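Hi everyone, thanks for making time this morning. Let me put the model up on the screen, and then we can walk through a few spots together.

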Amino acid sequence: MAQISICWLEIFNRTKDFRFLNGALKANDILKDLQIKSIDPIVDGALPSSSPSWGDYGTFGINTWGPKYFIDALILEYKIKENLELNEE
């Protein structure tokens, strides 16, 4: 989902079609809800490999690239929002 969010954000950057921005923002919000919140530092902030966690891909697993792409999506979201705010002034 994070990789799709990045794609939608990049499409928005090129087209200024707000449907893609809206989809990416919703995807990022879903990922925020899926993020594991734990007192165990090993899993705190991780994302399940699949949603639901018993899904076919990485059943009950956690991978390292999910949070990496999620961070990339959040950075891109921040930059787009910052640019939109600057253009409004």
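Let's begin with a pair of charged side chains: E77 and K81 meet in a salt bridge, at 2.8 Å from N to O. By salt bridge I mean a side-chain nitrogen of Lys or Arg within 4 Å of a carboxyl oxygen of Asp or Glu. Before going further, some housekeeping: this is a predicted model, where local features need pLDDT of at least 70 and side-chain atom pairs count only at pLDDT 80 or more, while totals for chains, interfaces and linings use all residues. Residues are numbered from 1 along each chain as its sequence is written, and side-chain values use heavy atoms, with hydrogens and water left out.

Back to our pair. E77 and K81 are four residues apart in helix 3, so about one helical turn separates them. Helices here are DSSP runs of H or I with at least four residues, numbered from the N terminus. As a reminder, an α-helix has 3.6 residues a turn, so residues three or four places apart point the same way.

Are the two partners buried or exposed? E77 counts as buried because its relative accessibility is 7%, whereas K81, at 37%, counts as partly exposed. The cut-offs are under 20% relative accessible area for buried, over 50% for exposed, and partly exposed in between, with a 1.4 Å probe and protein chains only.

Helix 3 holds another such pair: D72 and K68, again four residues apart, about one turn of the helix. Their closest N and O atoms are 2.3 Å apart, in a salt bridge. D72 is partly exposed at 28%, and K68 is partly exposed too, at 42%. And how many salt bridges are there by this rule? The count comes to five. One more to mention is R19 with D17, at 2.6 Å from N to O; R19 counts as exposed, at 65% relative accessibility.

Now let's move over to helix 2. N28 lies in this helix, and N28 is buried, with a relative accessible area of 0%. What does N28 touch, leaving out residues up to four places away in sequence? The list is S5, L9, F70, A73, L74 and our friend E77, where contact means heavy atoms within 4.5 Å. The N28 side chain also makes a polar contact with the side chain of S5, at 2.8 Å. A polar contact is a pair of N or O atoms within 3.5 Å; within protein, one must be able to donate a hydrogen and the other to accept it, and residues adjacent in sequence count only if both atoms are side-chain atoms.

A27 is also found in helix 2, and A27 is buried at 6%.

S5 brings us to helix 1. Which residues of helix 1 are buried? They are A2, S5, I6, L9 and F12. Seen down the helix axis, these buried residues fall within an arc of 120 degrees, so they line one face of helix 1; the arc is taken from the directions from the helix axis to the C-beta atoms. They pack against helix 2 (18–34) and helix 3 (65–88). Finally, just after helix 1, K16 takes a positive phi of about 60 degrees.

Note on methods
Helices (H or I, at least four residues) and strands (E, at least two) are DSSP runs, numbered from the N terminus.
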